[in-house]
Amino acid sequence: MPEGHTLHRLARLHQRRFAKAPVLVSSPQGRFAEGAAAVTGRVFLRADAWGKHLFHHYDGGRIVHVHLGLYGAFTEFEVPDGSDPAPPVGQVRMRMIGRQYGTDLRGPTVCEVIDEPAVDDIIARLGPDPLRRDADPQRAWERISKSRRTIGALLMDQAVIAGVGNVYRSELLFRHGVDPFRPGIQLENAEFDQMWRDLVELMHVGLRRGKIHVVRREHDHGPPAYAPGRPRTYVYRRTGEPCRICGTAISTAQLEARNVYWCPGCQR
């Protein structure tokens, strides 16, 4: 599932591609036909993101809300001057066509037209987003410090912190030597403050580069990344491989239905 920086990058891209002009919206697949009809031809005002939620604001108060889920993705294409774009390929839930660019959305968990009160309701259910300037980490700390759930589970709870996925969760805990199974109530305030500042910095790096970079320069060597074209990680998807710091074999386990990765030597 894409993590929060991906949605913020999409919001910035769609802002550049479509803002301040009418956009043609359709649903080649048909599942978003009614929603597309409600916004097509309207001026695209702006795009923004909160956690893993993307919002396209159109004039008239209509907003397209997208949550990519596990399989959703946007594919961009150019729109040649004076000619029609190529027909969509596959199951395209929503197609947007602007003056010079278009984009196809496939496989999202959510693609719907809502209004401002509904946006407010969605945001009210989310925790602070480390990539937003108005983020209040105290809201997250208040929930973590009172919870007996594990810190590994709390970091993935979008009602606690919005936008954190499995990579940031596992890597952040490693970078701060925190066992993912420690109850939130046992975390120190100073530990959380350091983790929050680090998370903000790491997610901004991901926002700028388009990839998650979590390994410090002095440790960026040894075994390759978990997949071609990916930056190295400390623990994520490295089960059984030696820790880049202490050499202990990386462990993995199920934590509230998701795999969590950690180093038993560094995270005591």
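The model is a predicted one.

Helix 7 spans residues 189–209, and helix 1, which covers residues 4–18, packs against helix 7 at an angle of about 40°, the two axes lying 9 Å apart. The pair is therefore oblique, since angles under 35 degrees count as roughly parallel. Helix 1 passes helix 7 in a right-handed crossing. On the side of helix 1, the contact is formed by G4, H5, H8, R9 and R12, and on the side of helix 7 by M203, G206, L207, R208 and R209. By class, the residues of this contact comprise two nonpolar, four polar and four charged.

Helix 6 (residues 166–175) also packs against helix 7: their axes come within 11 Å and cross at roughly 130°. Helix 6 and helix 7 are therefore oblique to each other, and their crossing is right-handed. Residues Y168, L172, L173 and R175 of helix 6 meet M195, D198, L199, L202, M203 and G206 of helix 7. Seven nonpolar residues, one polar residue and two charged residues make up the contact of helix 6 with helix 7. M203 and G206 belong to the contact with helix 6 and also to the contact with helix 1.

A further contact involves helix 4 (residues 137–144), whose axis lies 11 Å from that of helix 7 at an angle of about 135°. Helix 4 and helix 7 are therefore oblique, because only angles over 145 degrees count as roughly antiparallel. Helix 4 likewise passes helix 7 in a right-handed crossing. Here P137, A140, W141 and I144 of helix 4 meet N189, F192 and W196 of helix 7. The contact of helix 4 with helix 7 has six nonpolar residues, one polar residue and no charged residues.

The largest pocket holds about 550 Å³ of space. Its lining consists of 25 residues, of which M1, V167, I212, Y226 and R230 are the closest to its centre. Helix 1, helix 6 and strand 11 (258–262) each supply at least two residues of this lining.

Note on methods. Residues are numbered from 1 along each chain as its sequence is written. This is a predicted model: local features need pLDDT of at least 70, side-chain atom pairs count only at pLDDT 80 or more; totals for chains, interfaces and linings use all residues. Side-chain values use heavy atoms; hydrogens and water are left out. Axes are lines fitted to C-alpha atoms, for helices over the stretch in contact, and angles run from 0 to 180 degrees between N-to-C directions. Helices (H or I, at least four residues) and strands (E, at least two) are DSSP runs, numbered from the N terminus. Angles under 35 degrees count as roughly parallel, over 145 as roughly antiparallel, 65 to 115 as roughly perpendicular and the rest as oblique. A crossing is left-handed if the near helix is turned anticlockwise from the far one by less than a right angle, and right-handed if clockwise. Contact means heavy atoms within 4.5 Å. Ala, Val, Leu, Ile, Met, Phe, Trp, Tyr, Cys and Pro count as nonpolar, Asp, Glu, Lys and Arg as charged, and the others, Gly among them, as polar. On a 1 Å grid over the protein atoms alone, a cavity is a set of points where a 1.4 Å probe fits but cannot get out, and a pocket is an open set with protein on both sides within 12 Å along at least five of seven lines; lining residues have an atom within 4 Å of a point. Grid points are joined across faces, edges and corners, and a volume is the space filled by probe spheres set on the points.
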